[in-house]
2 protein chains.
Amino acid sequence: MRMNEGVEWALHCCLNLAWAGPEEAVTAARLAAFYELPTAYLNKQLQALAREGIVSSTPGPRGGFRLARLPEEITVLDVVTAIEGRDPAFQCTDIRKRTPGHGRMLGDDFRQPCLVHQTMSRADLAWRRELAGQTLADLKASIEAVAPQAPDRTRGWLLEARA
Amino acid sequence: MRMNEGVEWALHCCLNLAWAGPEEAVTAARLAAFYELPTAYLNKQLQALAREGIVSSTPGPRGGFRLARLPEEITVLDVVTAIEGRDPAFQCTDIRKRTPGHGRMLGDDFRQPCLVHQTMSRADLAWRRELAGQTLADLKASIEAVAPQAPDRTRGWLLEARA
DNA sequence: GAATAGGTACTCGGATAATGCCTGTCCGAGTCTAGTGGG
DNA sequence: CCCACTAGACTCGGACAGGCATTATCCGAGTACCTATTC
């Protein structure tokens, strides 16, 4: 079980977009150059964020991406699910129903949900709750506490190519 | 991010082994037949459980697998990590260190751990804590509460081929 | 009749292919800008 | 001098290959059991 690498990229890029501010759009190429990432592939991840309404994209010259909402309104879970999709990691195939020969021997009526499935779902829920409890603004503030120059310098570097 | 299918198999098989009892070993073929699973591949998963000391294997005639410990001493997390491995889902590649040109512009000293990484780790920890909080005995008891015949009938079916 | 040696069948165990998803790349549609020509 | 048109360049967007992990499979090593032979 390995999470997509794009999740890490997306989180860092969202932070950078937050620092860049909503006035100017930042191109995928510029964001990619910041971390030496493959441009086209990062663009793909940004498109996923756009589909989920986390960032907004504008085409053409002086186009690019910017945050579609305030950092306070974007949770880390939002970003993760935008990249990873909504499906939970554990997918119950209900193998208890595939009992040949002995049929429903177990006396288990299948209206009840699978208890293994329930256990895994609880864990998944705890994971999501933790991620949903932290917004981009929280993360941003934590970083600014240890690196006060980060906002200005990042914004400066991202927009320095602009007129 | 999709979890290995083998996790579901392993959990159900561990439950079945718990019902079979530690006296008689159950072969991989018999366990696979119970749910119509591919025998050889299930065997692979059982080997992973054996390596982690969750089940013990005995070769030869009348051989097979049995639980190596009491169900109270086996957590759901043990089974999951045996199949999935110990690595957390999110692997931080520390892309903040790959900032060409602008160097360590951010003023972030890299002795501090990456805060994105920390957030994801907290979520992973919450997930693990939830899974570690439930033992095979708990799960077994929950199922027996809704399906009282399950223990006897499962044990009977698994061992009926024996002398 | 009992014990032992050999053979046989059965089981796990690790090494070996096939499949599907993630990673990475490319080119086309749309849009804004800037330059140019005419009124 | 001002406006409109046109050409160009830039950006996102989705469609198209490559690599690696997961899925699936096979055959060999080892073990217990059963049988036959001998004392």
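Author: Here is a short walk through the chain contact, a cysteine and a DNA strand.

Author: This is a predicted model, where local features need pLDDT of at least 70, side-chain atom pairs count only at pLDDT 80 or more, and totals for chains, interfaces and linings use all residues. Residues are numbered from 1 along each chain as its sequence is written, chains are lettered from A and ligands numbered from 1 in the order in which they are written, and side-chain values use heavy atoms, with hydrogens and water left out.

Reader: What area is buried between chain A and chain B?

Author: About 5400 Å², with 68% of that from carbon and sulfur atoms. Buried area is the accessible area (1.4 Å probe) that two parts lose on being put together, summed over both.

Reader: Which elements of chain A give two or more residues to that side?

Author: They are α1 (5-20), α2 (28-35), α4, α5, α6 (136-146) and α7 (150-159) of chain A. Helices are DSSP runs (H or I, at least four residues), as are strands (E, at least two), numbered from the N terminus. The largest share, 11 residues, comes from α5(A).

Reader: How many salt bridges between chain A and chain B?

Author: The count is 0. A salt bridge here is a side-chain nitrogen of Lys or Arg within 4 Å of a carboxyl oxygen of Asp or Glu.

Reader: New topic. Is Cys114(A) buried or exposed?

Author: Cys114(A) is buried, at 6% relative accessible area. Buried means under 20%, exposed over 50%, partly exposed in between (1.4 Å probe, protein chains only).

Reader: Where is Cys114(A), and what is it in contact with?

Author: Cys114(A) is in the loop between α4 (76-84) and α5 (115-132) of chain A. Leaving aside neighbours within four places in sequence, Cys114(A) is in contact (heavy atoms within 4.5 Å) with Cys92(A), Asp94(A), Arg96(A) and His12(B).

Reader: Now the DNA. Which residues are closest to DNA strand D?

Author: Gln47(A), Ser57(A), Gly64(A), Phe65(A) and Tyr41(B), out of 23 that surround DNA strand D. A residue counts as near if one of its heavy atoms lies within 4 Å.
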